[in-house]
Amino acid sequence: MSPANPTVFIMGLRRSGKSSIRKVVFYDMQPLDTLYIESTSTTTSVQLESFTDITFQELPGQLNMFEPTPETDRLFQEVDALIYVIDAQDEYLHALANLQGILEYVAEHRPGLQVEVFIHKVDGLSDDFRLDTRRDIEQRVNDELIDADIENQVSLSFHLTSIFDHSIYEALSLVIQKLTPELPQLENMLNLLCQHSGIDKAFLFDVRSKMYLATDSSPVDIQTYEVCSDFIDVAVDLDNLYDSSGPEAGRPMLCTSILNNGVVLYLRQMIRGLSLVYLMRRESAQKLALVEYNTDLVAEGLEKLYAAKRKSRIPAAS
Amino acid sequence: MTATSSRRKLLLMGRSGSGKSSMRSIIFSNYSAYDTRRLGATMDVEHSNLRFLGNMTLNLWDCAGQDAFMETYFTTQKDHIFRMVEVLIHVFDVESEEISKDVETFALCLRQLSDYSPNAKIFVLIHKIDLVQPGKREEVYSSMMQALRETSKVYGFPIQGYATSIWDESLYKAWSSIVCELIPNMNAFESHLQHFAKISEAQEAILFEKTTFLVISHASYKTADMDPKRFEKISNIIKTYKQSCSKMRSQFQSLQLRGPGCTIIIENLTSNMFIMVILPRLEVQRKESHINAGDEDIVSLNIKAARKTFERLEMDKAR
Ligand SMILES: Nc1nc2c(ncn2[C@@H]2O[C@H](COP(=O)(O)OP(=O)(O)OP(=O)(O)O)[C@@H](O)[C@H]2O)c(=O)[nH]1
Ligand SMILES: Nc1nc2c(ncn2[C@@H]2O[C@H](COP(=O)(O)OP(=O)(O)O)[C@@H](O)[C@H]2O)c(=O)[nH]1
Ligand SMILES: [Mg+2]
């Protein structure tokens, strides 16, 4: 593993939506405002500062075929994952040819590199058509890999994404989770928490970007994720309106909200811009003292994990 | 007054595409700003009866802005349209290429109103302000308002104006003033809320109508360094959250926030209102524990105690 922060490339043809993704997720740009983004001609990076610091690098979009240069060789030695963005509203055969070039290169120079294909702008497609598109793209990419006899050298995943809903955040969450070596410990903590406190679903969120670093092992339902994410907005926005104290102030932010179907949402601020967000039934919320006690334990566990992580990195950096 | 006095007629006027149906759908039908792109042009007059604060009905006439319809408003339909109007909301599209024609239409409306409803209150909304560069908004708004004031003076109507957009909280400010204009016992709401805030040792208490989350009244004991747009921002924040809850087929019921420097409580006050109470930062003594149970509980008890009073006020307003 390289000693520096994990790095993720964002690649894709021009106008596929790379900059839009970067701006919406990391700079809070309104999705509609992305219409005015200009074409990016140089590599542009953005840093996620969270439990794991990750660098996202947007490479300038290519027009057609992927052509490796000595520069690419150097870049690809340092990368830890690659996101390839395909515009699903457009004719995508060009994009697939371009992707195939990249995959062949990866197979040769960086076998095993994680490649995440974002089938993007799916907001314009009907539900059925989304699935058809996904099936078609997966099929074509896999056929090409088999033809080139490299299907075992690359590890591929596919995601349907759009900046107009939470799908882009969810896809990126899965990408950063794969780059967090402590993921099993984090998941384990959340699983224990859920079991012992009667919590239905727990997410460890990066508050600024709205991605989640970990969740318990129960399945993620996109609606639950959306509500939890919107709940963070409410808490943070209200607090900003009335809180004039600085970040050094004593207590971590804590927010609960009750819905009329008996669901209770719960948020507790953690270290490094992280927050735990839970969804539980009102019956469990009645044992709030227990929930808070267990949450404190998770907070401690998280701090310890992070301290250990930093310690292990110091020798590498010097 | 007659038995129908709690039914209030509001006219929504403005050229086609100016955004009338969009704002109506956002404020009263829980649409998000994105959803409005699905709206088609309105045909003729679309009536909606919206219950507000329980026993008051807002009878909103969304008058289609296409010329063909407009003409009939001032001729064959005029006494139907302009009779018994309590509020006229005239929407101006900042991007309109025929401003002078829009102002003319406005003048025609005022003329009819001066005959049929001389006591009507007039609101003008300079809408889609998001399309103007931020630095120029103030100037565009003032010059529009000046022209409109000139026009309305002729008919003896004072006007209230707002710059609005569906893409930010400005819409909530405008509509909050519009509906407050229709509540006769506003002062009583205000003084009771002030009393409530005082005994709860709150820095601020705010009343919201339940479905629209428009601000009805507020009592503030600390205003220094406060964001002057906070009321409409809260409406916007909670409205968005309500939409999110409805995606889970559920409804927002209450919220408690213990921030590093303040405590916020939002609860049902009556079946038609929510109350939001903001407690200031409690210095030193409770710092060691982030759970200062107690504050919230006392406020919750106060809210329960205040419930009866405010329910009575709600009844009163129909008289
Ligand atoms: N940029 C911007 N667009 C807006 C705003 N308000 C409404 N729109 C858009 O303007 C378009 C027309 O809005 P409508 O509400 O249907 O217009 P209308 O006034 O009801 O038109 P008629 O029914 O024909 O009289 C929609 O596509 C809205 O999304 C705004 O504040 N800013
Ligand atoms: N409908 C839709 N359009 C998108 C989405 N993401 C990006 N776009 C649009 O795609 C266009 C190109 O985006 P841009 O980020 O500049 O592409 P880049 O060249 O890959 O960086 C812009 O007009 C965006 O508004 C999406 O999820 N849905
Ligand atoms: Mg309309």
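The model is predicted: local features need pLDDT of at least 70 and side-chain atom pairs pLDDT 80 or more, while totals for chains, interfaces and linings use all residues. Residues are numbered from 1 along each chain as its sequence is written, chains are lettered from A and ligands numbered from 1 in the order in which they are written, and side-chain values use heavy atoms, without hydrogens and water.

**View 1. The shell around ligand 1.**

**View 2. Polar contacts of ligand 1.** A polar contact is a pair of N or O atoms within 3.5 Å. Oxygen atoms of ligand 1 lie 2.7 Å from a side-chain N or O atom of B:Ser21 and 2.9 Å from a polar side-chain atom of B:Thr36. A nitrogen atom of ligand 1 lies 2.7 Å from a polar side-chain atom of B:Asp130. The protein buries 87% of the 670 Å² that ligand 1 exposes when taken alone (Shrake-Rupley method, 1.4 Å probe).

**View 3. The magnesium ion, ligand 3.** The protein donors are B:Ser21 (OG) and B:Thr42 (OG1), 1.9 to 2.0 Å from the ion; donors are N, O and S atoms within 2.8 Å of the metal (3.2 Å for Na, K and Ca), and sites may look incomplete because water is not among the atoms. B:Ser21 belongs to helix α1 of chain B, and B:Thr42, 21 residues apart from it, to the loop between α1 and β2 (45–52). Both B:Ser21 and B:Thr42 are buried (under 20% relative accessible area, 1.4 Å probe, protein chains only).

Note on methods: A polar contact is a pair of N or O atoms within 3.5 Å; within protein, one must be able to donate a hydrogen and the other to accept it, and residues adjacent in sequence count only if both atoms are side-chain atoms. Helices (H or I, at least four residues) and strands (E, at least two) are DSSP runs, numbered from the N terminus. Buried means under 20% relative accessible area, exposed over 50%, partly exposed in between (1.4 Å probe, protein chains only).
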